[in-house]
2 protein chains.
Amino acid sequence: MDEPARPQKRNAIRAQNEALILQAAEKVFAEAGFGGATMQLIADMAGLPKANLHYYFATKEDLYRRVVQNIFEIWLHAADCFDNAPGPVEAIGAYVDAKMEISRRHPNGSKVWASEVMHGAPVIQDYLETTLRDWTAGRAALIQNWIDEGRMDAVNPDHLLYMLWATTQHYADFGHQIETLNGGAPLSDAQWLAAKDSVKRILLKGIGAV
Amino acid sequence: MDEPARPQKRNAIRAQNEALILQAAEKVFAEAGFGGATMQLIADMAGLPKANLHYYFATKEDLYRRVVQNIFEIWLHAADCFDNAPGPVEAIGAYVDAKMEISRRHPNGSKVWASEVMHGAPVIQDYLETTLRDWTAGRAALIQNWIDEGRMDAVNPDHLLYMLWATTQHYADFGHQIETLNGGAPLSDAQWLAAKDSVKRILLKGIGAV
DNA sequence: TCTTTTCCTGACCGTATGGTCAATGTGAAG
DNA sequence: CTTCACATTGACCATACGGTCAGGAAAAGA
């Protein structure tokens, strides 16, 4: 194709390389953890010299922080369906679907997040205390409204949210275990559908949503 | 107390030091991951010189393997209540109680296990393929029996087990996140009880267990 | 074309890590 | 007391890691 000296080739190169590095970093951080990951490994996976990584990201921690923030954005965005629903069945059903889809398409991101939280959230503690806390309080209030309206059982909203997170993210974080128990093969399309249906059915019936 | 030249003081010393090291190692591996953990850190936490660790455990990987195996044993043992129960309500109720208690008392072990599985189970893959696979198949058959006897809904046994693992272990693996959302304080006795009840109530009702 | 800014990278550095070892201490057996 | 296996540890080593930098290539502006 023709590439007639684009006016903003610089910006394109930067954007492309940053995306390339972030993608490789997410995979390496997920597979090896922050401590086990090396800049050399990420560089090799991205097909770039190690020094080039430090040109775009000053330190390993900066790169890691960007990866974690990206995941957080995706998850927050996935919760939109929670708000635009008329009731608990639609909201929770759509939320489970969205989060299961993320677990399937973004397993590495989920693992990096899990690892970060398990290690005490050294780099995203402020996000937990602000954005996530606000988000959680908002959804808990929403759930409480549904309870007050008699549209579902009087369950503890916080623990319900934890169950939603736990069950959906488990398919990403423990995907290797599930795959092993599945005879070594990744879940098929049908099996993913069955997983989604199982989770939705048990949870929705469990909270008495009508 | 009197210590009149015990006949097996040697064995006692070995047992005590190994336990001390394993305990410190579990904590450090949980907080920093395998790659982030250092033998020096473990040694400091155990109050021993680093070289002494290598006297009892040849390599970092050996020490790590022992930690993971210990956790696996505890979890397998916790599943006994699953078998000695007359029906799904008692079995699953007792299993949730047992696993929640482990999450509370052994959060570091749970984190190490989660980390190991997330990174592709490099050191316990054989356990997954043998012991865990057998265990899972056995419980899935048990659940299927209950379904056939009409004692619970026809849910997919595998996905039900995944939900049990996910919801209970979440309280250990994501304990820091839960604590942050709880205003920075660990869950109180009452809150742990509420968590257990929430999980049991939603799951048991969700599978239509009577 | 010339200049400036951005991009790229091989070579290098200080440090921290996992692991070793020789020397020494310490219970127990004869 | 002597002997011997077990236990302890400071000092040491090779390696690998995160990060730096000088100098060159390539794009954008003049």
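A polar contact is a pair of N or O atoms within 3.5 Å; within protein, one atom must be able to donate a hydrogen and the other to accept it, and residues adjacent in sequence count only if both atoms are side-chain atoms. By this rule, 14 residue pairs are in polar contact across the interface of chain A and chain B, both residues at pLDDT 80 or more.

This is a predicted model, where local features need pLDDT of at least 70, side-chain atom pairs count only at pLDDT 80 or more, and totals for chains, interfaces and linings use all residues. Residues are numbered from 1 along each chain as its sequence is written, chains are lettered from A and ligands numbered from 1 in the order in which they are written, and side-chain values use heavy atoms, without hydrogens and water.

**Chain A against chain B**

In the interface, 56 residues of chain A are in contact (heavy atoms within 4.5 Å) with 56 residues of chain B. The two chains bury about 4700 Å² between them, and 66% of that lies on carbon and sulfur atoms. Buried area is the accessible area (1.4 Å probe) that two parts lose on being put together, summed over both. Three residues, A:Met118, A:Leu181 and A:Ile202, supply 16% of the area that chain A buries against chain B, more than any other three residues.

The rule finds 2 salt bridges across this interface. A salt bridge is a side-chain nitrogen of Lys or Arg within 4 Å of a carboxyl oxygen of Asp or Glu. One joins the side chains of B:Lys205 and A:Asp153 (2.5 Å, N to O). On the side of chain A that touches chain B, the largest share, 11 residues, comes from H9(A). Helices here are DSSP runs (H or I, at least four residues), numbered from the N terminus.

**DNA strand D**

Now to the DNA. Near DNA strand D (a heavy atom within 4 Å) are 21 residues. The closest are A:Met39, A:Lys50, A:Lys60, B:Tyr55 and B:Tyr56.

| Residue | Atom of DNA strand D | Distance |
|---|---|---|
| A:Lys50 | base oxygen | 2.7 Å |
| B:Arg14 | phosphate oxygen | 3.1 Å |
| B:Asn52 | phosphate oxygen | 3.2 Å |

Helix H1 (9-36) and helix H3 (50-56) of chain A, together with helix H1 (9-36) and helix H3 (50-56) of chain B, are the elements that give two or more residues to the surface near DNA strand D.
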